[in-house]
Structures are given as structure tokens and as C-alpha cells.
Amino acid sequence: MNKIAIIGLGYVGLPLARLFATKYPVVGFDINQKRIAELRNGTDSTLEVADDILQAVLVNDNTVASSTSATALSKTSATAISRTSATGLYCTSDLSDIQEATIYIVTVPTPVDKNNRPDLTPLYKASETVGRVLKKGDIVVYESTVYPGATEEECIPVLEKISGLKFNEDFFAGYSPERINPGDKEHTVEKILKVTSGSTPEIGQQVDALYKSVITAGTHLAPTIKVAEAAKVIENSQRDINIAFVNELAKIFNILNIDTHAVLEAAGTKWNFLPFKPGLVGGHCIGVDPYYLAQKAQEHGYHPEIILAGRRLNDSMGEYVASQIIKTMIKKNIKVNGAQILMLGITFKENCPDVRNTKIVDVIKALESYSVQVTVYDPWANPDEVMHEYGIGCQNKLDGSAKYDAVVLGVAHKEFLNLTISDLQNELSIIYDVKGILNQKVDGRL
Ligand SMILES: NC(=O)c1ccc[n+]([C@@H]2O[C@H](COP(=O)([O-])OP(=O)(O)OC[C@H]3O[C@@H](n4cnc5c(N)ncnc54)[C@H](O)[C@@H]3O)[C@@H](O)[C@H]2O)c1
């Protein structure tokens, strides 16, 4: 029986750990003790796993051992899980709890630094962690999005150095990229076909069989780890470039005074026209992963043109949206200096609390440079997190009596679709619909 340790219990790691825990004994490991505490209490603040579904697989200290000493419990939990329960998820920050695993799956972040260069620090640290408990015969599978070559060139050497074991003799590796879409309750992890790979053909088969045992949508076994790594990074790069193209179209049609959404609707009647919409590209995947591919290409002397042009265009959209809002206000004779603007939404996408790398912040900062006052209303975001990350105030409830000179639909949260926006407007006021989803007359949209 495989005993699985998942390293990093965030948006990717937790749903995966929960899924594997329905069939295997799983230990979820995270360095964030606050995260471990909430998960042990049966709550997931990312809202990816519903509390009842999480609680149905949670194995707590009482279940795994009869001793009441917390230290003794945490020291024996992995053993206890495999002894007393064939399935279930035990969450921990204690390294000794993962020492009995036979499969390690790494799901830690892969961000970029301030110069948009890949920052592999979490991957190195997680590899060090696994290296400390790695044993002969174990398999380490990476799921984090990386450039082709990162697993074998960057992570494996760390595992070898720390463990003293030899790759593809003593221990093995795999790569299986995650394709979930935060906030999407339809395409959940088990319903998305999963690409798998292994460091040898036999290990590829083993890794594939492991995922196949829980992923109902099935798997695709790629011939090598590098192929699987490259496949993931181009999926997101392709989306980024396609969105950049329609963002460019939005800018052109704006100058020509043509409604972009109407053009896309008309063009979309052709069978092979791709249905991309203009918008802000935030989050830590689509706006980040292309830099991983670009960096790798540059290291090998190739300077990507299309990939980086797409990034530049998408990164400039926050400022563009702000300038369009201000222009629309001026055209309507609204005094800009000191104007009150309501921003609906600050998360990086709809119906999800994730505010990492949200481009609404770019819109707000650019608006503020015109000396307007921006109020942010987002029923999904955590105001403390928004303040901590961006120094921006955010409210979960709307002050029904306040009136604004402009109302901007920034994020398509379902709560905003039924808002009576006119109740929030001064007599002279505009509505700007960044997402193009409002079913009412608006003064401007991308
Ligand atoms: N979120 C998505 O929609 C999504 C989709 C597909 C792929 N990915 C990729 O999956 C990876 C993880 O993304 P995420 O969104 O789950 O990130 P996340 O920030 O939500 O979660 C990462 C977790 O790892 C923990 N962590 C960080 N360093 C650690 C370490 N050294 N040891 C143990 N735990 C550690 C953090 O505390 C956090 O809880 C990234 O490479 C990302 O690009 C994300």
C-alpha cells in the first residue's frame, strides 16, 4: 500500500491530499502552522474543499493513537495512520510525521521575484525537507509548475545531496502538473485529466497507476518528465498570449469606437474562432508561468518575442483600464480630483478568495494617481490579507447609503450580478464594466 506525503497544503495540495486520502493513508505537511491548525479544525480558508468533505477524511490525534500526550502523538502519527487506518488525511508541520511515506508529492508555490525571474526557493526548501526523510525505493513526484528541466536539474540534486541516496538507483521521481482552476466547483481535481511522468519507464507506469486510481477523468502518461513540465507551462502561456491578443483588440476597437464584446460575439459564430475575452491577467499561474518558460529559453540563448510581448501587454492592462475610467468620467463632466469611486471586487478572479498577484490593485493604484478616492467592496476577499499584502482597505459589506461618481465592476463575483448599481450612484456618475458581464447599460467596458 502506498503511503503518501503531500508537501504544501495550498490551493493545489489540499484538494489532492483530500482526494488521495479517500483511498490511501495520507500525511499532509505544511510549514505554515496557522494553515495546519485550520485544516485540523476541519476548515479550508481557500474554500477549495468544503468543510464536510474535508472532515470526512480527516484523521486526528484521537483517531490515530490512544495516548494523550501531544508530542507523543505527533511523533507517532504517521506510524499510527498506517497501522490504524487504511485511508485518511493527517495534517502536520512535524517532519517526523512524513518519514514513513513511500510517495512524496510536492505542491509548493513557484513564484517569480520582483524582476519576474523564477524563484525556486520553496521548491529547494521542500526538496530539502523530503531529502531528510527519503528512503530507498521512495518516489518523489513534483506538481508545482516549472520550466522544462527544473525537476531533474534543480530538485533532484537537492534530494541526492541531503539524503545521500542515488537518483534512479535508490529513489525515483515523477512530475504530474496540476490543472485545477481555483473557485471552479465543476472542474475539480478528480475530474481533470492528469498528465503524469516518471524518471524511468517503469516509474512512469507506477506514477500513472497511482493517479489513475483516484482521477476519474483518467491520465496521460507523458514520455519524460521534461515533456510533462513543458506541457503544463505552455498551457498557461497559450492562455496568456490569447488573452493578450484580445486585450490588444480591445485597445484598437476602443480607438475605433467599436464595442469589442460585440465584435467577439460576431466573430465567435465561426466554428474555429477561439472564445477569449479581454481582461486583467492576475493570479500566480497565467501571469507567472510564461516567465518560467521565457527564462529557460533565454538561458539557452533564445529570446522569446511572442511570450514576453503577451506578458507586457497583459501587465499594462491595469493602467489602461484606469485611464479609460478617468476618460469616461471626464467625458461626462464628472470632476475627477476628489471623486469617489467604488471598485467591485479585488480578488484575482471571480468567486474565489485568492488575492495573490491581483491586477485590480494596478487599477486602484493608477486611479489613485489621479487623486480620486477608491472604496473597495469584495464579499470574498479577506480584508486583513488585502491590507497586509497591498496596504489597501477592503470591505466585505456594502454601505448602502454611500453614493459614488463611478462604479467599476472589476471582478465577476456572482454577488455583483444582482446588484442594483444605480442605487450606488450619484446623479452624475458612470459604470465601467471591466469584465463585460453586466446586463445593463454601462458607460464603458474593455
Ligand atoms: N492555484 C492554482 O490554481 C494552481 C493550478 C495549477 C498549478 N498550480 C501550481 O501549483 C503550485 C502550488 O500552488 P498553490 O496555488 O497551491 O500555492 P499555495 O500558496 O496556495 O500553497 C502552497 C503551500 O505550500 C506551503 N509551503 C511553502 N513552502 C513550503 C515548504 N518548504 N514545505 C512545506 N510547505 C510549504 C505554503 O505554506 C502553502 O500552504 C505552484 O507551482 C502553482 O503554480 C497552481
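1. The ligand has 26 residues around it, and those that come nearest are Val12, Asp30, Thr110, His284 and Arg356. The model under discussion is a predicted one.

2. The side chain of Asp30 places an N or O atom 2.6 Å from an oxygen atom of the ligand. For Thr110, a polar side-chain atom is 2.5 Å from an oxygen atom of the ligand. Thr145 takes part through its backbone, with an N or O atom 2.9 Å from an oxygen atom of the ligand. The ligand taken alone exposes 820 Å², of which the protein buries 91%.

3. The shell around the ligand consists of 13 nonpolar, eight polar and five charged residues. Helix H6, residues 121–133, contributes the most to this shell, with three residues.

4. The ligand takes up the space of the largest pocket. This pocket has a volume of about 1,400 Å³. It is lined by 44 residues, and Gly10, Tyr11, Asn32, Pro109 and Arg356 are the closest to its centre. Helix H2 (33–40), H6 and helix H15 (383–390) each give two or more residues to the lining, and H6 gives the most, with four. By class, the lining of the largest pocket comprises 17 nonpolar, 13 polar and 14 charged residues.

5. The second largest pocket holds about 1,200 Å³ of space. Of its 40 lining residues, Asn181, Arg239, Ile243, Ile286 and Lys349 are the closest to its centre. Helix H9, residues 225–255, gives the most to this lining, with five residues. The lining of the second largest pocket divides into 17 nonpolar, 13 polar and ten charged residues.

Notes. Residues numbered from 1 in each chain as written. Predicted model: local features only at pLDDT ≥ 70, side-chain atom pairs only at ≥ 80, totals over all residues. Heavy atoms only, no water. Near = heavy atom within 4 Å. Polar contact = N/O pair within 3.5 Å; in protein donor to acceptor, adjacent residues only side chain to side chain. Areas by Shrake-Rupley, 256 points an atom, 1.4 Å probe, with all protein chains shown as cover. 1 Å grid on protein atoms, 1.4 Å probe; cavity = no way out; pocket = protein on both sides within 12 Å on 5 of 7 lines; lining within 4 Å. Sits in = over half its atoms within 2 Å of the grid points. Nonpolar A, V, L, I, M, F, W, Y, C, P; charged D, E, K, R; others polar. Points joined across faces, edges and corners; volume = space filled by probe spheres on them.
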